[in-house]
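Good morning, and thank you for coming. Please look at the sequence and the structure on the screen while I speak.

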Amino acid sequence: MGKSLVLLAVAALAATVSAHGNITSPPGRLPGAAMAKACGQAAVNSILSDGTIPLESVSSPLASCKLDLCRGALFADNVNRVQQFSVGQVVALTAILPIPHEGPANVSIVQTATNSVLGQPLIVFDSYADESLAVLPANNTAFSVTIPATGAACVTPGDCVLQWFWFGTSAKQTYESCIDFVLV
């Protein structure tokens, strides 16, 4: 995928974030050429056409695609989006949820090499994005987490992500956003 096509794809993604849900701030991982190689262009195209697509609706991912880690988006496509956080820092997150689906959600630090959560989730919602409510609680779209100490982990770009994970129970749909970060 050429540089101009990647820029066009990123612009398209930004313009189409309107379906189910996604973290919009801090900036998260986006699909790109490395993801296309690992997941296939059809998978990338489905995410580009709907920036909030659930994992279950991503088109024809290749066997080498790790959809359960950052919806398949790879660090190689996002080296310029790494955030710098410090232990104890409170990080504000913003989500869009134009089509809510009630279910559990959380934000955790995930070590990308093993796709495993480090420590405990930073915030947990037992019931999130409940479509039966006339208005969603304000903390469903604007909330904060406090960055914990992670030992020697999370000091090298690409090693860790702040992952927002939400599962719409009735809809049986899974949503993820990942924010690359380093501890400074």
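Which residues have the most contacts inside the largest nonpolar core? In this predicted model, they are Leu93, Tyr128, Phe143, Leu162, Trp164, Trp166 and Phe181, in a core of 26 residues. The elements that give two or more residues to this core are β3, β4, β5, β6, β7 and β8. There is also a second, separate core of 13 residues, which includes Cys39, Val44, Cys65 and Ala73.

Let us turn to the disulfides, of which the structure holds three. Counting the bonded cysteines along the chain, their pattern is 1-2, 3-6, 4-5.

Cys39 and Cys65 are joined with their sulfur atoms 2.1 Å apart. This pair links distant parts of the chain, for Cys39 is in helix α2 and Cys65 in the loop between α3 and β2, 26 residues apart. The link is right-handed, with 75 degrees about the S-S bond.

Next, Cys70 is bonded to Cys178, at 2.3 Å from S to S. Here the torsion about the S-S bond is about -90 degrees, so the disulfide is left-handed. Cys70 is in the loop between α3 and β2, while Cys178 is in strand β8, 108 residues apart.

The remaining disulfide is formed by Cys154 and Cys160. Why does Cys160 count as buried? Its relative accessible area is 0%, and buried means under 20%.

Leaving aside neighbours within four places in sequence, Thr112 is in contact with Arg29, Leu69, Gly158, Asp159, Cys160 and Val161. Thr112 counts as buried because its relative accessibility is 16%.

Methods. Residues numbered from 1 in each chain as written. Predicted model: local features only at pLDDT ≥ 70, side-chain atom pairs only at ≥ 80, totals over all residues. Heavy atoms only, no water. Core = buried A, V, L, I, M, F, W, Y, C linked by side-chain atoms within 4.5 Å. Buried < 20%, exposed > 50% of the residue type's maximum accessible area, 1.4 Å probe, protein only. Helix = DSSP H or I, 4+ residues; strand = E, 2+ residues; numbered from the N terminus. Contact = heavy atoms within 4.5 Å. Disulfide = S-S within 2.5 Å.
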